[in-house]
Amino acid sequence: MTPLEPKTSFSQLNSRPILLQLGGLYGIWLREVKRAIRDKGQLVGGISRPILWVLILGIGLNPYFRGEVYGEVTFVVPFTYLQFIFPAVVALNIMYTSVQSAVSVIWDREFGFLREVLVSPMSRGTVLLGKVLGGATVAVVHGCLVLLLARFADVPLQWSDILKAIGLMALLAFALTSLGVVIANRIRSFEGFGVFSNAVILPLYFTSSSVFPLDPALTRAQTKVVYPEWLVNVVQFNPLTYAVDSLRGVLINYNQFDPRLGIGIMLISGGLLFTIAFLDFRKM
Amino acid sequence: MSSKVSLNQSAVKIAELTKRYGRTLALDEISLDVRPQELFALLGPNGAGKTSLIHILCTILRPDTGQAWIDGFDVVKDPLAARRRLGIVFQEPSLDDRLTVYENLNLHGLVFGVPRKVRKQRIEEMLNLVELTEWADKTTRMLSSGMKRRLEIARALIHDSAIMLLDEPTVGLDAQTREKIWSYIKQLREDRQITVIVTTHYIDEVEGCDRVCVIDHGKILVLDTPEALKKTYAQQILRIIPKSDEVLQEILTSHSHRLTGQHGETILLKTDDSFTESFLSEYGTRIRSLVSEVPSLETVFLSLTGRELRDQAAGVRERTYAFGKRGGEHTR
């Protein structure tokens, strides 16, 4: 007696492993994007956040954006506060959305979706990459929502600038989504997104020279007279500082550092965080 | 490269599988074979090791020692190949509630590498089978729990699964839905010639299976057809609740050789018709209740494990799950 062959045989399936993984990658990516589109709460956040930051905070603080250095009242940077904060708000919107979609790993874990893909022939790396790319895509879209406010912030944009900005946003979103997954993997119980917002996103954001500049015209010694030394150090150690800086370079042509530094830091930290997330993921 | 092992005509082979969680032994050198196209039931009280066994088979849990093969593929060495042959329905729902019914099935087809044409055709076929065709474009959130279960069964069969693992597929469902789900499972076994391994709490569902494996404390207690089990182990049992402690003690001392179990004030005695009669005439006025249980798999189970099948209290996982259901957490 020989075991009967199944009616539909395996030869019907994609037998090329690479095609199989790519198909699955697309499936997981598509799911992330679809979920985000259907989540009205996330969309409301993505629209209201830049409006608050640009139109309320930006316009409100605009007249105060000047510094008094050694008795001389000048604009610290040759831009209005609105223009100055605009690229940072793009980064902020990306941060929220990236981390938020990464944190959904916790729900995927608790509510079984992750289990469903973990028992599929997808490798762990594909599952993670699909998840991160999906989250990053949504985050870039939310970053672009901010660009719609450009004319209210007096930021003239060329198409080429927008394309360059999207490239930078994608790098940033990839790194931040990986960061979110790394954190989510280490969390067993979930008390809400507020914890993330207050413990991760806002501290990173406020210490990245996004809401106030560290005047590049000043020497290091002079900077430390204007600002306490610890704050200067924190800002300089925060990788987000360089990401925001390169976004500024593209959007308003203002760089405090070498723009290549920002790209390099985003690439390295993105790769590093993704690797950590991958190592964690393999244990699941 | 995948290395397929010939398994002497078993669809699933398990050899001396052991799994420990800290100091608890979840699986203790379990070995068993499941034949092709068999409907195989795993029966055991909570914490017996059923779910651990299922998780090892679907490669999300690594065994400490021992081996297991799915359709000839080692679950530890060749998990990807093993997974392609498996259709799994987990104990907890694992559908994406924000995707539609169709999208859930399509996603499954994508991650299992089912080519577009076959995928479309399969989805249609399976939706038809579980009678959810009209719901294809509805969000999964809108489905009842019975419908979700049916959808999960459909999903497990979108790819060419040869072996289906169902972990408590009917738990928490009403009798009608349970019956329906079983009719799908049986029909599938005929149509697709698949092997089905199912764990369940409900004894009556086990009656229709080809073979039953009772496990407890990580060990296989028996493995046989339901009929053979009933013949060998079933025992008519008297379930007695005495009126007072004195009576309880009296029964315990005078019929200690018939005692099979005691939970609080309930006493279980082995019995036959003549014993029941004499027991009633002796104690008839001094007991609060007496139930004579006819031989069934339930009593087989009881006499083997000394325990009843019952639901456990909510654990951490259930509580988090309940939080998510209530909370409307927007990251979901």
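Chain A has 11 helices and two strands, where helices (H or I, at least four residues) and strands (E, at least two) are DSSP runs numbered from the N terminus. The model is a predicted one, in which local features need pLDDT of at least 70 and side-chain atom pairs count only at pLDDT 80 or more, while totals for chains, interfaces and linings use all residues. Residues are numbered from 1 along each chain as its sequence is written, and chains are lettered from A and ligands numbered from 1 in the order in which they are written.

**The two chains**

From the N terminus on, the elements of chain A follow the order α-α-β-β-α-α-α-α-α-α-α-α-α. Chain B has 12 helices and 14 strands. A residue is buried if 20 or more other C-beta atoms lie within 10 Å of its own, exposed if 12 or fewer, and partly exposed in between, with C-beta atoms placed from the backbone. Two residues are in contact if their C-beta atoms, placed in that way, lie within 7 Å.

**Packing of H3 and H10 in chain A**

Two packed helices are described by the angle between their axes and the distance between the axes. Helix H3 (residues 81-110) of chain A packs against helix H10 (residues 239-252) of chain A at an angle of about 125°, and their axes are 9 Å apart. This angle makes H3(A) oblique to H10(A); angles under 35 degrees count as roughly parallel, over 145 as roughly antiparallel, 65 to 115 as roughly perpendicular and the rest as oblique. On the H3(A) side, the contact is made by A:Gln83, A:Phe86, A:Pro87, A:Ala88, A:Val90 and A:Ala91. H10(A) contributes A:Leu240, A:Ala243, A:Val244, A:Leu247, A:Arg248, A:Leu251 and A:Ile252. These contact residues comprise 11 nonpolar, one polar and one charged. In this division Ala, Val, Leu, Ile, Met, Phe, Trp, Tyr, Cys and Pro count as nonpolar, Asp, Glu, Lys and Arg as charged, and the others, Gly among them, as polar.

**Residues with positive phi**

A:Ser209 has a phi near 55°, a positive value in a residue other than glycine. A:Ser209 lies in the loop between helix H7 (193-206) and helix H8 (220-226) of chain A and is buried, with 23 other C-beta atoms within 10 Å. For A:Asn253, phi is likewise positive, near 55°. A:Asn253 belongs to the loop between H10 and helix H11 (259-282) of chain A, but is exposed, with 10 other C-beta atoms within 10 Å.

**Nonpolar cores**

A nonpolar core is a set of buried Ala, Val, Leu, Ile, Met, Phe, Trp, Tyr and Cys residues joined through C-beta atoms within 7 Å. The largest has 151 residues, and those with the most contacts inside it are A:Ala91, A:Met95, A:Leu172, B:Leu57, B:Ile163 and B:Leu165. H3(A) gives the most to this core, with 18 residues. A second, separate core of nine residues includes B:Leu248, B:Ile251, B:Ile267 and B:Leu268.

Beyond its neighbours within four places in sequence, B:Ile163 is in contact with residues including B:Ala11, B:Val12, B:Ile70 and B:Ile197. B:Leu53, in helix H1 (residues 50-57) of chain B, is buried, with 29 other C-beta atoms within 10 Å. Not counting residues up to four places away in sequence, B:Leu53 touches B:Leu27, B:Ile30 and B:Leu42.

Methods:
Axes fitted to C-alpha atoms, helices over the stretch in contact; angles between N-to-C directions.
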